[in-house]
Amino acid sequence: MQWWRFMSGGERAMQSGREKAYAYLKDSVLTDPEMQDRFLSEQEIADRIGVSRTPIREALLLLAAEDLVRLVPKRGAHIAPLSGREIRDLMEMRGLIERFAAERTTDQGTAPVDEMADILAHQDTLRGEETTKEFIAADHRFHATLVAAVGNTLMSRQYDALRSRQIRAGVLALYRSGNRQDEVLAEHRQILDALAAGDAAAACAAIDGHIRATQRILLAA
């Protein structure tokens, strides 16, 4: 029997409100370039998504535990801009995992080329400022699909834990570079072509080039 069956209706509603607030903050607010270096209003967010302030506060505590926001006494939750150190750490971790995934899947012949090609084709339809977040979400799926093909559950979980920071960094890179979407699609095509050819070295080189390009844009500001 699922644990939630033992919860009261009020507890389940609170759980639902917290999850709704957590998802909204993580996927919509934290990824908005205009929200960087700003303090969040609990009441404004509560009114926007139709919940009380309590689940908002609980969601912010969860995000603070992940170092995605900083709780400042008497001021609230602050969205600190990604620091140079955070950007470098994120890109280094991505490179380590994605290169390993490329090497392992090409060696085993399990690179998910068809699935990644479908994601890339869909991403190509998401050009434009109004679909920036959807474009970057597809970007994450493209890479996460390769990582998942390794078959290492712990590695996939570790990679998925980077998702919020990846999307935040990716949206910011698009915001700062007008032609970045075209570049991303071309870089993804290079990765995919190398995987399809079974060329691990070329795939790793393409992954490195893709990550360096994003890092260069983020650190240039």
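This is a predicted model: local features need pLDDT of at least 70, side-chain atom pairs count only at pLDDT 80 or more; totals for chains, interfaces and linings use all residues.
A pocket is here an open set of points on a 1 Å grid over the protein atoms alone, where a 1.4 Å probe fits and protein lies on both sides within 12 Å along at least five of seven lines. Its volume is the space filled by probe spheres set on the points.

The largest pocket has a volume of about 340 Å³. Its lining comprises 15 residues, and those nearest the centre are E129, T132, V171, L174 and Y175. Three helices, α6 (132–148), α8 (163–176) and α9 (180–196), each contribute at least two lining residues. Of the contributing elements, α8 gives the most to this lining, namely three residues.

Attention now turns to the second largest pocket, whose volume is about 150 Å³. Its lining consists of Y24, S28, V29, D32, M35, R38, F39, L40, S41, E44, I45 and R48. At least two of the lining residues come from each of helix α1 (9–29), strand β1 (39–40) and helix α2 (42–49). Sorted by class, the lining of the second largest pocket holds six nonpolar, four charged and two polar residues.

Note on methods:
Residues are numbered from 1 along each chain as its sequence is written. Side-chain values use heavy atoms; hydrogens and water are left out. On a 1 Å grid over the protein atoms alone, a cavity is a set of points where a 1.4 Å probe fits but cannot get out, and a pocket is an open set with protein on both sides within 12 Å along at least five of seven lines; lining residues have an atom within 4 Å of a point. Helices (H or I, at least four residues) and strands (E, at least two) are DSSP runs, numbered from the N terminus. Ala, Val, Leu, Ile, Met, Phe, Trp, Tyr, Cys and Pro count as nonpolar, Asp, Glu, Lys and Arg as charged, and the others, Gly among them, as polar.
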